[in-house]
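Hello,

Here is the structure I promised to pass on. Please open it alongside this note, and what I found follows below.

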Amino acid sequence: MEKSQDDNEFCRALVVSIHDVSPLTQRRTYEILLDLAEVGIRDVSLLVIPDHHRRARIADDPEFARWLRGECAGGREAVLHGYFHLRESRGDDGPWKRIVTRSYTAGEGEFFDLEKPTALALLRSGRAALNACGVSCTGFVAPAWLLGSGAEEAVVEADFDYTTRIATVSDFRSGRVHRSRSQVWSVRAGWRRTCSLAWNATLFRAASDSPLARIGIHPPDWDHPAIRRQILKLARQALATRRPMTYGGWLVGTRAAS
Ligand SMILES: [Zn+2]
């Protein structure tokens, strides 16, 4: 018997996420969401930072909370994304840690090497901050996707349903790790932007058979018209064969279908 569209709908998905959502990036996030809605994408995962760089506590910002509640009521999903999104450099950092934490992540790999108890405390405070805004969250994504093993144990213990890394989505409910590399753009320098455009065009073609396509957007991407154009173009192309959904929605569907 031929499979219906419904049987297949969770096999061909597009998850678009916006990283680093906070009062510091709210206006830009709103613009990105408008552009995505114009393309036909309303189900978006918003990766929210509870106190961005220790300068923007969401729980103390009623206007941000109201906005976030409205977005979640309209189909978006709030995902916890670190706590401060900042990793303090430490005296005992060796050369490798210095490369990863400063060059690769620009000092933002907050959950890269946290001890489990520290991670657990931040995860609980982060969830409480989102709840104080009137939204719930089932997922956690570490800043720069850098999640150490102690911190990952804490994510499970704090009862989150899932986490994502650059090449995987880990479902703690089913125990499955879904392989899917996220599109992501690096815009900090001109040469990085040029490389990003070429790499993402190639990656998009290479991932065309994957059940799940992922597009990860950072607010500074929208400062660069060529990057913004490519993201929207790839999103539009993906929609020809995929249904847009949030990480949470996709995982609920895949669990039910397996
Ligand atoms: Zn981030």
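This is a predicted model: local features need pLDDT of at least 70, side-chain atom pairs count only at pLDDT 80 or more; totals for chains, interfaces and linings use all residues.

Residues are numbered from 1 along each chain as its sequence is written, and side-chain values use heavy atoms, with hydrogens and water left out.

**The strands around S2**

Between S1 and S2 the chain passes through helix H2 (residues 26-39), in a right-handed β-α-β crossover. Right-handed here means that, with the strands pointing away from the viewer, the path from the first strand over the helix to the second runs clockwise. A right-handed β-α-β unit is also made by S2, helix H3 (residues 62-73) and S3.

How many residues of strand S2 (residues 44-48) are buried? Five of the five are, so S2 is largely enclosed by the rest of the structure. Buried means under 20% relative accessible area, exposed over 50%, and partly exposed in between (1.4 Å probe, protein chains only). Val44, Leu46 and Val48 cover one side, with Ser45 and Leu47 on the other.

**The zinc site**

Asp20 (OD), His81 (NE2) and His85 (NE2) are the protein donors of the zinc ion, at 2.0 to 2.1 Å from it. Asp20 in strand S1 and His81 in the loop between S3 and helix H4 (95-104) are 61 residues apart, so to speak a link between distant parts of the chain. Donors are N, O and S atoms within 2.8 Å of the metal (3.2 Å for Na, K and Ca); water is not among the atoms, so sites may look incomplete. Asp20 and His81 are both buried.

**The cysteines**

A search of the whole structure finds zero disulfides (pairs of cysteine sulfur atoms within 2.5 Å). For Cys137, the nearest cysteine sulfur is that of Cys72, 9.6 Å away. Cys137 counts as buried because its relative accessibility is 8%, whereas Cys195, at 44%, counts as partly exposed.

Best wishes

Technical notes
Helices (H or I, at least four residues) and strands (E, at least two) are DSSP runs, numbered from the N terminus.
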